[in-house]
Protein chains: 2
Amino acid sequence: MHLIDGKAVSAQIKLEIAEEVGRIREAGGKIPHLAAVLVGHDGGSETYVASKVRTCEEVGFKSSLIRYEEDVTEEELLACVERLNGDPDVDGFIVQLPLPAHISEQKIIEAIDYRKDVDGFHPVNAGRMSIGLPCFISATPAGILELLKRYEIETKGKHCVVLGRSNIVGKPMAMLMMQKAYPGDCTVTVCHSRSENLKEMCLRADIIIVALGAPEFLKADMVKEGVIVIDVGTTRMPSSVTKSGFKLVGDVKFDEVSPKCSYITPVPGGVGPMTIVSLMKNTLLAGKKAIYT
Amino acid sequence: MHLIDGKAVSAQIKLEIAEEVGRIREAGGKIPHLAAVLVGHDGGSETYVASKVRTCEEVGFKSSLIRYEEDVTEEELLACVERLNGDPDVDGFIVQLPLPAHISEQKIIEAIDYRKDVDGFHPVNAGRMSIGLPCFISATPAGILELLKRYEIETKGKHCVVLGRSNIVGKPMAMLMMQKAYPGDCTVTVCHSRSENLKEMCLRADIIIVALGAPEFLKADMVKEGVIVIDVGTTRMPSSVTKSGFKLVGDVKFDEVSPKCSYITPVPGGVGPMTIVSLMKNTLLAGKKAIYT
């Protein structure tokens with residue numbers, strides 16, 4: 001069993017990005033600038049955004065954090081998006097989800113200029129991805145592709161089962177794994193809460209990508225020997241052991257599944273750290289105008 | 001075995017559209033207007049476009065046919081798209097594919113205003129479809145959904161295998177069949193030329209949608225008893241029997257597969273006729289500004 005070390009890979013990628021930023025700086029080019037919009041004080045969102053800002057600093061990007069209280073109106077938030085769309089210094093920006101119930105997340109996402117949509121959630125980016133055109137691929141799927149690539153995992157012709165059909169992980173992951181590309185070229189099956197034959201599908205899978213948000217859902221009796229398991233789950237569970245008072249639990253019962261795997265990502269330290277570096281890579285691409293001019 | 005009669009269903013839908021156009025006319029509303037752009041004189045394209053124009057007449061739409069010779073430049077064609085985008089009388093339009101090799105199909109597709117893109121090929125429509133937002137669904141997948149609906153075929157939790165990963169059929173079909181909707185809510189598997197386990201997957205499928213363009217690819221020993229088969233294949237093969245000198249052959253070896261099916265679409269007379277009425281439905285939606293304002 002090989003552990004896929006997302007922490008090590010992400011550290012390596014951060015170095016690569018930092019080197020490129022160094023070269024841009026030396027050449028007198030524009031330093032990539034990521035802005036993050038944070039609404040309210042949700043613990044998870046605070047942590048994620050703080051981590052994104054910190055990573056910007058590590059790789060040498062410029063970053064801005066724009067905060068709103070929980071009671072910000074949709075109009076105010078849309079006006080903020082418009083400002084960021086029009087700000088030539090901002091190369092890319094994200095609006096941290098979830099948003100309060102009185103604000104339409106979809107409306108906000110669609111208001112973002114797709115050329116600055118480094119989260120890859122805008123319909124133009126989702127559509128271009130599914131067609132196989134250059135685009136901002138959302139961070140979690142992009143991070144998973146990167147892990148498969150760095151560990152040189154063969155994917156062509158393999159059966160990849162994706163558990164979950166969310167717009168931010170399950171669906172894009174499925175589309176990417178079926179493209180004529182590496183990683184990709186898989187037979188892809190998407191299972192979800194309504195699937196009658198989920199266990200049977202998992203047992204036949206060469207690669208399983210679990211993105212259900214259901215702690216320890218995937219058990220040893222659901223996978224075959226030699227399977228590759230990518231665990232996207234990160235549920236915050238209360239813990240009396242950790243200093244923070246919580247721990248992250250994946251969608252895979254790691255202790256019993258991992259002995260059967262050829263490769264597996266742990267939680268934490270697997271897909272999680274890759275998500276943020278993928279956002280950084282998208283920001284670098286946005287800064288270089290490598291995808292859209 | 002039930003034959004899914006696309007010809008009868010499409011005739012019924014044409015009546016329904018014609019009735020609605022009648023009501024619009026009586027109310028003094030704007031008659032939906034579809035424009036079609038045809039480049040060159042390819043036999044298949046000529047037939048398809050003629051059939052679209054004829055169907056417009058049948059349902060009471062206004063239609064325009066814009067023809068270019070094979071040697072039209074990309075600039076000329078882009079200028080035509082711009083004119084149609086800006087023409088307030090044109091509710092929707094299509095550029096018949098394939099285009100000559102010196103013209104980028106993707107560039108043309110992306111130049112079309114997505115609000116008039118009744119073929120549903122623009123990235124905005126592809127993206128909105130994958131996210132589950134209102135959009136123009138491309139004609140063949142939309143026609144297949146309509147057939148499943150009209151025959152009240154249960155799809156929830158079923159295993160749907162899509163053979164083929166084209167941008168116009170395989171990929172959108174897969175995305176639609178996995179949505180939380182009816183028809184939909186399936187476990188979806190996409191197989192293609194690189195799949196190692198295609199036959200095994202087909203044998204486990206409750207629903208098989210074949211869109212490979214490989215005549216008589218699906219054989220009886222690849223399907224289980226009671227399967228539902230949707231045949232998207234329409235390969236033109238030379239024939240000494242028909243007046244036209246060719247016949248349409250599907251991707252399914254109909255004679256041997258059909259006895260094992262609970263439902264099956266024939267070729268011709270299955271998915272084919274539905275494709276054109278789906279285009280008419282999209283044009284009606286465009287005329288009513290039901291999806292985009």
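Mentor: Start with B:Leu38, which is buried, with 20 other C-beta atoms within 10 Å. Keep in mind that this is a predicted model.

Trainee: Why is B:Leu38 called buried?

Mentor: A residue is buried if 20 or more other C-beta atoms lie within 10 Å of its own. B:Leu38 has 20, so the label buried applies. The residue lies in strand E2 (residues 33-39) of chain B.

Trainee: Which residues does B:Leu38 touch, not counting those up to four places away in sequence?

Mentor: B:Ser45, B:Val49, B:Leu65, B:Arg67 and B:Gln96. As for B:Pro98, 60 residues separate it from B:Leu38 in sequence, and the C-alpha to C-alpha distance is 9.6 Å.

Trainee: What makes B:Val249 count as buried?

Mentor: The cut-off is 20 or more other C-beta atoms within 10 Å. B:Val249 has 20 C-beta neighbours inside 10 Å, so it counts as buried. It is found in strand E10 (residues 246-249) of chain B. Leaving aside neighbours within four places in sequence, its contacts are B:Pro215, B:Glu216, B:Thr235, B:Met237 and B:Val267.

Trainee: How far is B:Val249 from B:Cys80, in sequence and in space?

Mentor: They are 169 residues apart in sequence and 35 Å apart in space, C-alpha to C-alpha.

Trainee: Which residues of H6(B) and H7(B) meet?

Mentor: From H6(B), B:Pro141, B:Ile144 and B:Leu145; from H7(B), B:Pro172, B:Met173 and B:Leu176. By class, this contact of H6(B) with H7(B) has 6 nonpolar, no polar and no charged residues.

Trainee: How do you know what to call the arrangement of H6(A) and H10(A)?

Mentor: The axes of helix H6 (residues 139-150) and helix H10 (residues 271-287) of chain A come within 8 Å and cross at roughly 110°. The range 65 to 115 degrees counts as roughly perpendicular, so H6(A) is roughly perpendicular to H10(A). Residues making the contact include A:Ala139, A:Ile144 and A:Leu147 of H6(A), and A:Val271, A:Met274 and A:Leu279 of H10(A). Its classes are 8 nonpolar, 4 polar and 1 charged.

Trainee: What makes the relation between chain A and chain B that of a two-fold axis?

Mentor: Chain A superposes on chain B by a rotation of 180° with 0.0 Å of shift along its axis, at an RMSD of 0.0 Å. That is the relation of a two-fold axis. In chain A, A:Gly127 comes closest to the rotation axis, at 1.7 Å (C-alpha).

Trainee: How do you know that the same surface serves both copies?

Mentor: Of the contact residues of chain A, 96% recur in chain B. The contact takes 28 residues from chain A and 27 residues from chain B. On the side of chain A that touches chain B, H5(A) gives the most, with 8 residues. That side has 11 nonpolar, 10 polar and 7 charged residues.

Key
Residues are numbered from 1 along each chain as its sequence is written. Chains are lettered from A and ligands numbered from 1 in the order in which they are written. This is a predicted model: local features need pLDDT of at least 70, side-chain atom pairs count only at pLDDT 80 or more; totals for chains, interfaces and linings use all residues. Axes are lines fitted to C-alpha atoms, for helices over the stretch in contact, and angles run from 0 to 180 degrees between N-to-C directions. Helices (H or I, at least four residues) and strands (E, at least two) are DSSP runs, numbered from the N terminus. Angles under 35 degrees count as roughly parallel, over 145 as roughly antiparallel, 65 to 115 as roughly perpendicular and the rest as oblique. Two residues are in contact if their C-beta atoms, placed from the backbone, lie within 7 Å. Ala, Val, Leu, Ile, Met, Phe, Trp, Tyr, Cys and Pro count as nonpolar, Asp, Glu, Lys and Arg as charged, and the others, Gly among them, as polar. A residue is buried if 20 or more other C-beta atoms lie within 10 Å of its own, exposed if 12 or fewer, and partly exposed in between; C-beta atoms are placed from the backbone. Copies are superposed by least squares on the C-alpha atoms of residues with pLDDT of at least 70 in both.
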